Protein chains: 4
Amino acid sequence: MRRNAQRLRLNRGPARGRLRSPAGGETQVENYPEAKRSAFPEIQTIPTRWNDNDIYGHMNNVVYAEYFDTAVNRWLIGSGALDVPGGPIVGLVAETRCKFLSSVGFPDILETGLSALHVGNSSVIYGLGLFHAGAETPAALCRYVHVYVDAAGRRPTPIPESLRRALTALDPGFAPRTPARG
Amino acid sequence: MRRNAQRLRLNRGPARGRLRSPAGGETQVENYPEAKRSAFPEIQTIPTRWNDNDIYGHMNNVVYAEYFDTAVNRWLIGSGALDVPGGPIVGLVAETRCKFLSSVGFPDILETGLSALHVGNSSVIYGLGLFHAGAETPAALCRYVHVYVDAAGRRPTPIPESLRRALTALDPGFAPRTPARG
Amino acid sequence: MRRNAQRLRLNRGPARGRLRSPAGGETQVENYPEAKRSAFPEIQTIPTRWNDNDIYGHMNNVVYAEYFDTAVNRWLIGSGALDVPGGPIVGLVAETRCKFLSSVGFPDILETGLSALHVGNSSVIYGLGLFHAGAETPAALCRYVHVYVDAAGRRPTPIPESLRRALTALDPGFAPRTPARG
Amino acid sequence: MRRNAQRLRLNRGPARGRLRSPAGGETQVENYPEAKRSAFPEIQTIPTRWNDNDIYGHMNNVVYAEYFDTAVNRWLIGSGALDVPGGPIVGLVAETRCKFLSSVGFPDILETGLSALHVGNSSVIYGLGLFHAGAETPAALCRYVHVYVDAAGRRPTPIPESLRRALTALDPGFAPRTPARG
């Protein structure tokens, strides 16, 4: 665990760059998360809904983002590290990148995998995957950037220590908590 | 099972009226399903999503309908009684009535209860409830009318016998299949 | 116009009954709004979105409720009669009833018609219609019940006079504000 | 105009790389579209809906994708270049990248800007912007990759000439067709 925590800490260093304001500067360009299940320490089960499907009979690309948004926020609330959504600081989504690899759709039961690819001063880059239940290779990958701001003035604010500590559990080097990994 | 099947059959009788074409005539006005968990033979677990919540911090009324629509179609597909959605006949939603009784929202894990209140010649009236996990009293109730039509011409068509048989399992007099009922 | 305003006022009286708490008692059972365009004093244009369509290639029943919810809240905000959503009292949706009469779907441009069927002590029953652009007969009808509560304690609270006055413009006897009525 | 059409044509060449199968290889990494209104030849007006807003009182990041998806498909249908959605080839979304720059939300009336950044052999990269009505700078930018496949086998298939011709109207060098540009 020490080793993993350290790796996360290294990610914050200037050598890898830092996220800047979502409005002004460039966000650091990094790759998508690795396309294997074991790269996601947190796995959440989520059933599809009838209206997730579009006219082509599979899940519409827009809906994937619901799954990823839900996985991040469910983990945040569950971690107890942050008062979501009523607290003094809020995480704004500055950028999302999704790659759609294969088809999913109702009535599938899916799994979202969650990891923290990078922890900056006031931002977190999550890596996410969407899997058919038990599958090793993802149906979609996502890179999701949260920038923390104060709820009142909406200016970037440092990530609280409690959240920083909680995020070490999402280091991609960690084993998933579910038996599904094998 | 015989007794329940019979009760369902009685529901089809002329004394209680019959659903007519959704476009033209009146649909039969019946009450909502009973407001207790044991009135729903089928219980499905469904987690909320982050964007189910609206600006008031609870689940938006529109989203309840996603849960009910999903419960009906998941049961239909699971029953094997009908080829959904690709078959020669499709169920069109002719009417929905929802009553919102108490607040739910992300990150709740919810349960939808499903029953068949009435089986007509070409229509089914489902009774649905939405529950906090394990709760006895519903947070919402719904009356949901499906009219079966041929996929090509969209004219009302009799419910296939396979579906009629499967629907007997949703008679509100049946015990739920889940341990939650106690 | 006087006569219509009066009719609305009469609707508030005890003789026609009052909406009770959405959790406890019964809501008054009334018919759907009239199925003609001229019964809706407010008409709003709203384009469909790609993912409004479901696997059957038409708008999913759940999405109709988005249109109706939007029409009510857009009118409320536009009326200036109420601070939505940040004010001391909020309108909770207690019940919705939708009747689906004919098919709509992307890329249609639709129109929602809005009227106030009944104004009670702390509740409003809106009558809504969804129309193809310029059509005289609706593709769907809706009866939508708002109960006003104080934002803090969520107990029913009387409708403010400002809103009561604004609602007279939605009396179904009024002419629509749009040229579409002819 | 000749010059712009030519630029689009050049983009198809091997020197700039070609999109490969969404499942297997890498997609070409390009920048977001330019952050100014005049870079978008097609502008569509789209009103927000009540439930576009999330618990923070602004439009949820997921919903932006609905706007972009709608803009692309509305243009495709309007162009007449492709039978959407019933034709023999379909555009699958292989990747989306969205950058969220400033807040929007109900009851705003928004505008989506659409351009074609790159036209490959079987893929199109659209550049999109979301604007407050009449604004010069976007509230969000998006890079959206369509890969064309045959509807039956879902293997990549060359873009039809009719679509290739229609796409020249979306070259970012073109002036917008709307008066809004000024």
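**Basis of the model**

Two residues are in contact if their C-beta atoms, placed from the backbone, lie within 7 Å. The structure is a predicted model, in which local features need pLDDT of at least 70 and side-chain atom pairs count only at pLDDT 80 or more, while totals for chains, interfaces and linings use all residues. Residues are numbered from 1 along each chain as its sequence is written, and chains are lettered from A and ligands numbered from 1 in the order in which they are written.

**Chains C and D**

Twelve residues from chain D and twelve residues from chain C make up this contact. On the side of chain D that touches chain C, strand 1 (42–47) and helix 2 (61–79) of chain D each supply at least two residues; helices (H or I, at least four residues) and strands (E, at least two) are DSSP runs, numbered from the N terminus. Helix 2 of chain D gives the largest share of that side, six residues. By class, the side of chain D that touches chain C has five nonpolar, three polar and four charged residues (Ala, Val, Leu, Ile, Met, Phe, Trp, Tyr, Cys and Pro count as nonpolar, Asp, Glu, Lys and Arg as charged, and the others, Gly among them, as polar).

**Chains A and D**

Here 21 residues from chain A and 21 residues from chain D take part in the contact. Helix 2 (61–79) and strand 2 (89–100) of chain A are the elements giving two or more residues to the side of chain A that touches chain D, and strand 2 of chain A provides the largest share, nine residues. That side of chain A divides into 13 nonpolar, three polar and five charged residues.

Strand 2 of chain A pairs with strand 2 (residues 89–100) of chain D in the antiparallel sense over five bridges; pairing requires that DSSP finds at least two bridges between two strands. A:Lys99 has D:Glu95, in strand 2 of chain D, as its bridge partner.

**The sheet of chains B and C**

An open sheet of ten strands, with antiparallel pairing, runs in the order 1(B)-3(B)-4(B)-5(B)-2(B)-2(C)-5(C)-4(C)-3(C)-1(C). Strand 1 (42–47) of chain B and strand 1 (42–47) of chain C stand at the edges, each with a single partner strand, so one side of each is left without a neighbour in the sheet. Within chain B, strand 3 (residues 109–119) and strand 4 (residues 123–132) pair in the antiparallel sense over nine bridges; the bridge partner of B:Val119 in strand 4 is B:Val124.

**Helix 2 of chain B**

Helix 2 (residues 61–79) of chain B has 19 residues. Of these 19 residues, 16 are buried, that is, 20 or more other C-beta atoms lie within 10 Å of their own, with C-beta atoms placed from the backbone. B:Gly80, whose phi is positive, near 70 degrees, follows helix 2 of chain B.

Conventions:
Expected span 1.5 Å × (residues − 1). Buried ≥ 20, exposed ≤ 12 C-beta atoms within 10 Å, placed from the backbone.
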